[in-house]
Amino acid sequence: MVLYDSATLGGSCSGSSSSSSSSKPPPLQQRQQTQQDIDGLLAGAGYRVRSSELRKVAQRLERLETAMVNSPADLSQLASDTIHYNPSDLASWVDSLLSEFTQPPTCPSEFIMDPETNQTVVSDAWTTAEPHMPQVHQNISYQQQSLNNQLTVDNQLTVVTAMEEDSGIRLVHMLMTCAECVQRGDFSLATSCLEDMQGLLTRVNTVCGIGKVAGHFIDALSRRIFQGIGGGSINGGSAYENEILYHHFYEACPYLKFAHFTANQAILEAFDGHDCVHVVDFNLMHGLQWPALIQALALRPGGPPLLRLTGIGPPSPDGRDSLREIGLRLAELARSVNVRFAFRGVAASRLEDVKPWMLQVNPKESVAVNSIMQLHRLLGSDLNRNSPIETVLSWIRSLNPKIMTVVEQEANHNQPGFLDRFTEALHYYSTMFDSLEACTVQPNKALAEIYIQREIANVVSCEGSARVERHEPLSKWRTRLSGAGFRPLHLGSNAYKQASMLLTLFSAEGYSVEENDGCLTLGWHSRPLIAASAWQAVSDGPADFPA
Amino acid sequence: MARSNEVNLNECKMVVPLNTWVLISNFKLAYNLLRRPDGTFNRHLAEFLDRKVPANANPVDGVFSFDVLIDRGTSLLSRIYRPTTAEEPQLNIAELEKPVMAAVVPVIIFFHGGSFAHSSANSAIYDTLCRRLVSLCKAVVVSVNYRRAPENRYPCAYDDGWTALKWVNSRPWLQSQKDSKVHIYLAGDSSGGNIAHHVALRAIESGIDVLGNILLNPMFGGQERTESEKRLDGKYFVTLRDRDWYWRAYLPEGEDRDHLACNPFGPNGRSLEGIKFPKSLVVVAGLDLIQDWQLAYVEGLKKAGQEVKLLYMEQATIGFYLLPNNNHFHTVMDEISKFVSSDC
């Protein structure tokens, strides 16, 4: 059974629209029709089928129905065990289900006939069983890891939605006006706007809702107007401070947990059958992501591989080697579960300062590159040379990783126009703050808010190299990564289910996981806020297909 | 068995366009995977497979949308769709709930279909349908993301519909300029049609005026097996077995299909004689196996002296209104538009 659906869509790089609410893509149907003869009406229903293939898909659907009717036992297996991928690509979804029916029946012994080669193979029994195992371990390890159980849903919460407060609406109006003034360069008018807004803030509930998030935007605008766009104190927080804030953000809401377990599941699957594996983490922080992976690898059928972890992080100013300390702790954990483990820290203040030779990748190992909210920091372009993103993507590709896991904020915060960016950020962070209301445990919540506040300040008050929070939506990352020589590895229904289940364990109601063209997003109600995807380098040489 | 299946598949291929056939067959097969024989539902797989679209505050073809949490306790979301006015192509976050400007603006509260178990307000097919309703009727559409079976049985869906009705009725920004009242219509397809009826019932003594009900292939049933059910079982995408499954999933445990939720004019139903019930537009597809129940519903309304218009689309199957590629679609859309505008 193929573990990944590695079908790509050829030239098409846009998925079903998960674009943020204030961006303006051309209507989905129009764009795709011109590209590829896609049936426009089915596109409106969320399915991509070439008009020229409609008949073929119809025939396959018929065959599938007949197969389902004729073998109910297979049907129930199809319903419970099969991993589904990328339902938007209807043709390949139907084909993948059909292929489940043409497999020979499972034999009691471990040996079955491989239909392609007509040889007996051992692996199939294990591959069907395997996807269940990491799920169990992911659950266990997260329960162990979780320091607080922060899931009290406060049903008495009478937070009034933004729009029901008149002052809230006025505040938003003024924020937009102020942002407009800033875009126009009319700083004196902007300043008087600011004063009015400060005044209005005193009359609005700033504990929650629009009042809270407006306060942060007012601050950010203030900074921009009075302190300029160089970042200053916003970006000057020490690495240590940043780690603390990050940790509280990790605890207070599920976004980072989702990022970690989705990436880990994909990495685990990519490493299946490999004995020497090397994970490169673009932002180690406290290494929160890795205990779960170490435990899952410890328990994989056939035994754990040799695991190397290279953690990239900022240098510690006070002489401590914080990277090494984290590495030591992870090594202890690995030892306790009998996983041969080696750690290496790479200190770099910016990701673009890292050179591939620093990672000391061994040609015999399988590499996973893990980037949790780091790639967007490379999007600032310097007129003198290549955009850092291109340089970095290029050396990642040269490592020929088995998988690259990418998690990014699902937002369009890198638009050149200030007002557009501001509007988008207001939408995005209002939603994120709303979702944070579901967390009532302190001090996690308060510190998580500061973490988010810093992001807001960077998006709104910085420019040039100081502006590092250059979030772009999934659709743009797809284009960029495909253009840089990567192809998507689709995340399937097993990852989806695991994410949904873990969410109910860890979070209040309101969070939702969605499948988007082979990627998974996590959002608050129906607004995706973070997107996880997996990629593999397209090889230049002779065909080098995954197992 | 295989042979009669061939016949079935061939029959329905002849009456719908190919892309419609692909769409509805895809749903049928996917749904087969989700319903478990023990009455439970594979919700994770259902959500994974459902094609969803986000709201879009930027107008697309003259319609923009945004989501609102109308009841935090039940996480009841609704997606609001509004037409853009000519002067303001781009609205900012503060203007999403700006007051409707015309003398009369119909507000259609829409309940999506899915036999009480499938789909959501943000399912692509329903997002598309609601957008069409906005353009067609120059209306605001409020699509309710009601709780679904089997996790939430009767009366949850009706409760959510009722909550939405009260919410809509109390929004100042939805009031028509002419009389400062919200001009409300209830609409829905399949289970949504059933919900529309029951929410209208609840509205009766409440003082909230519902101007009209639009029921598209509404989901009704009963214990008895009717002629149409026997004749059309399995012929046009739908089987009696799956209908039974969905009722068992929605109705309270132990109840049969003569429960008033399923059979409003049946033995446990309530007579609407003398009651001020909204006028109804009921669309019945001639190839829908439950049409006898839908027609009985229309008769029930007529006998109680209620105003009802029946649109019987002979050659239509379920889901014909999802894609604008057939005559039934256009006929029905015209009628809906007339139904809603007749109050202006």
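This is a short chat about a predicted model of a complex.

Reader: What ipTM and pTM does the predictor give the complex?
Author: The ipTM is 0.92 and the pTM is 0.81.

Reader: And chain B, what pLDDT does it average?
Author: Chain B averages 92, and 94% of its residues score at least 70. Over residues 1-5 of chain B, though, the pLDDT is below 50. Beyond near neighbours in sequence, that stretch has four contacts in the model.

Reader: How should coordinates be read where pLDDT is low?
Author: Not in detail.

Reader: Moving on. Where does UniProt place the "active site" feature?
Author: At Ser190(B), according to the UniProt record, which is an unreviewed entry. Ser190(B) sits in the loop between strand S5 (183-189) and helix H6 (191-203) of chain B.

Reader: Is Ser190(B) buried or exposed?
Author: Ser190(B) is buried, because its relative accessible area is 14% and the cut-off for buried is under 20%.

Reader: What is Ser190(B) in contact with, leaving aside neighbours within four places in sequence?
Author: Gly113(B), Gly114(B) and Ser115(B) from one part of the list, then Leu216(B), Asn217(B), Pro218(B) and Met219(B), and also Tyr321(B).

Reader: Now Asn122(B). Which loop is that in?
Author: Asn122(B) is in the loop between strand S3 (106-111) and helix H4 (124-137) of chain B. Asn122(B) counts as buried, at 9% relative accessibility.

Reader: Which residues does Asn122(B) touch?
Author: Not counting residues up to four places away in sequence, Asn122(B) touches Glu514(A) and Ser526(A) in chain A, and Arg51(B), Lys52(B), Val53(B) and Arg79(B) in chain B.

Reader: Over to chain A. How do helices H3 and H5 pack?
Author: H3 (residues 54-70) and H5 (residues 90-101) of chain A pack at an angle of about 30°, with their axes 10 Å apart. H3(A) and H5(A) are therefore roughly parallel, since angles under 35 degrees count as such. The crossing of H3(A) and H5(A) is left-handed.

Reader: Which residues make the contact?
Author: On H3(A) they include Val57(A), Leu61(A), Leu64(A) and Met68(A). On H5(A) they include Leu90(A), Val94(A), Leu98(A) and Phe101(A).

Reader: Last one, Pro356(A). Where does it lie?
Author: Pro356(A) lies in the loop between strand S5 (341-347) and strand S6 (366-372) of chain A. Pro356(A) is partly exposed, with a relative accessible area of 26%.

Reader: What is Pro356(A) in contact with, sequence neighbours within four places aside?
Author: Trp395(A) and Leu399(A). Pro356(A) and Ile396(A) are 40 residues apart in sequence and 7.7 Å apart in space, C-alpha to C-alpha.

How values were computed:
Residues numbered from 1 in each chain as written. Chains lettered and ligands numbered in written order. Predicted model: local features only at pLDDT ≥ 70, side-chain atom pairs only at ≥ 80, totals over all residues. Heavy atoms only, no water. pLDDT = per-residue confidence, 0-100. Contact = heavy atoms within 4.5 Å. Helix = DSSP H or I, 4+ residues; strand = E, 2+ residues; numbered from the N terminus. Buried < 20%, exposed > 50% of the residue type's maximum accessible area, 1.4 Å probe, protein only. UniProt positions renumbered as here; feature names shortened; annotations may be inferred. Axes fitted to C-alpha atoms, helices over the stretch in contact; angles between N-to-C directions. Parallel < 35°, antiparallel > 145°, perpendicular 65-115°, else oblique. Left-handed = near helix turned anticlockwise from the far one by under 90°.
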